[in-house]
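Biologist: Hey, I have this one open on my screen. Can you talk me through it?

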Amino acid sequence: MRFSELDRFRNRYPQLSSYIAAAEDYLQELLARPKPVEIVPSLVAQRLSVDEELVLSVLLLFDEAGIIEPRYQVRCSDSDGVLLEFKTLREIPERLYCPYHGRDHDRSDYYVELVFIFRPSTIERYSKALSGR
Ligand SMILES: [Zn+2]
């Protein structure tokens, strides 16, 4: 199955179309799971055997098409545990409480990882069809 939302990008960027198709297959696998999972650019890069920058440009097209949306995960540098998630970089505060260490962390002891989640409209539109439910 193809995401029809991506057709205009396939036409606009023919040189990316094979990557778009590969990412589409992978995302649809994720979407077919009982509970759709987040899309981690480094894992998509591994799966597609391409570099992460290219994957990000492709995923940003999926974002622009309204299929997925970004989440900025703030993680403890020491435990890698997620402290909080934000929709934009601007929302991330200077200091955040870390339950793993029982104290606030600042930018020297947390890091930010960009992941994507499926928009509710995508789950609504595709997940039943893909999982055959
Ligand atoms: Zn911590």
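Biologist: Which residues in H3 meet which ones in H4?

Modeller: On the H3 side they are Pro-41, Ser-42, Val-44, Ala-45 and Leu-48, and they meet Glu-52, Val-55, Leu-56 and Leu-59 in H4. Contact here means that the C-beta atoms of two residues, placed from the backbone, lie within 7 Å. By class, this contact of H3 with H4 has 7 nonpolar, 1 polar and 1 charged. Ala, Val, Leu, Ile, Met, Phe, Trp, Tyr, Cys and Pro count as nonpolar, Asp, Glu, Lys and Arg as charged, and the others, Gly among them, as polar.

Biologist: Before we go on, what sort of model is this, and how are residues numbered?

Modeller: It's a predicted model, where local features need pLDDT of at least 70, side-chain atom pairs count only at pLDDT 80 or more, and totals for chains, interfaces and linings use all residues. Numbering starts from 1 along each chain as its sequence is written.

Biologist: Back to the helices. At what angle do H3 and H4 pack?

Modeller: H3 (residues 41-48) and H4 (residues 52-64) pack at about 110°, with their axes 9 Å apart. The axes are lines fitted to C-alpha atoms, for helices over the stretch in contact, and angles run from 0 to 180 degrees between N-to-C directions. H3 and H4 are therefore roughly perpendicular to each other. The cut-offs are under 35 degrees for roughly parallel, over 145 for roughly antiparallel, 65 to 115 for roughly perpendicular, and oblique for the rest.

Biologist: How does H2 cross H3?

Modeller: The axes of H2 (residues 17-31) and H3 come within 10 Å and cross at roughly 115°. That makes H2 roughly perpendicular to H3. The crossing is right-handed, a label used if the near helix is turned clockwise from the far one by less than a right angle, with anticlockwise being left-handed. Tyr-19, Ala-22, Ala-23 and Tyr-26 in H2 meet Val-44, Arg-47 and Leu-48 in H3. That contact divides into 6 nonpolar, no polar and 1 charged.

Biologist: And what does H2 touch in H4?

Modeller: In H2, Tyr-19, Ile-20 and Ala-23 meet Leu-54, Val-58, Leu-59, Leu-61 and Phe-62 in H4. The contact of H2 with H4 has 8 nonpolar residues, no polar and no charged ones. As for the geometry, the axes of H2 and H4 come within 10 Å and cross at roughly 75°. So H2 is roughly perpendicular to H4.

Biologist: OK, zooming out. How many helices and strands are in the chain?

Modeller: There are 5 helices and 5 strands. Both are DSSP runs numbered from the N terminus, with helices being H or I of at least four residues and strands E of at least two. From the N terminus, the order is α-α-α-α-β-β-β-β-β-α.

Biologist: What's the strand order in the sheet?

Modeller: The open sheet has 3 strands in the order S2-S1-S5, with antiparallel pairing. S2 and S5 are the edge strands, each pairing on one side only. Two strands count as paired if DSSP finds at least two bridges between them. S1 (residues 68-76) is joined to S5 (residues 110-118) by 9 bridges, and to S2 (residues 82-86) by 4 bridges.

Biologist: Which partners should I look for?

Modeller: Gln-73 has Glu-113 in S5 as its bridge partner, and Val-74 has Leu-84 in S2. Arg-75 stands opposite Val-82 in S2. Also have a look at Asp-80, which takes a positive phi near 65° in the hairpin of S1 and S2, with 5 residues between the strands.

Biologist: Last topic, domains. Where are they, and how far apart are their centres?

Modeller: The domain assignment gives domain 1 (1-66) and domain 2 (69-119). Those bounds come from an automatic or database assignment. Taken over C-alpha atoms, the centres of domain 1 and domain 2 are 24 Å apart. Their contact takes 9 residues from domain 1 and 8 residues from domain 2. On the domain 1 side, the residues divide into 6 nonpolar, 1 polar and 2 charged.
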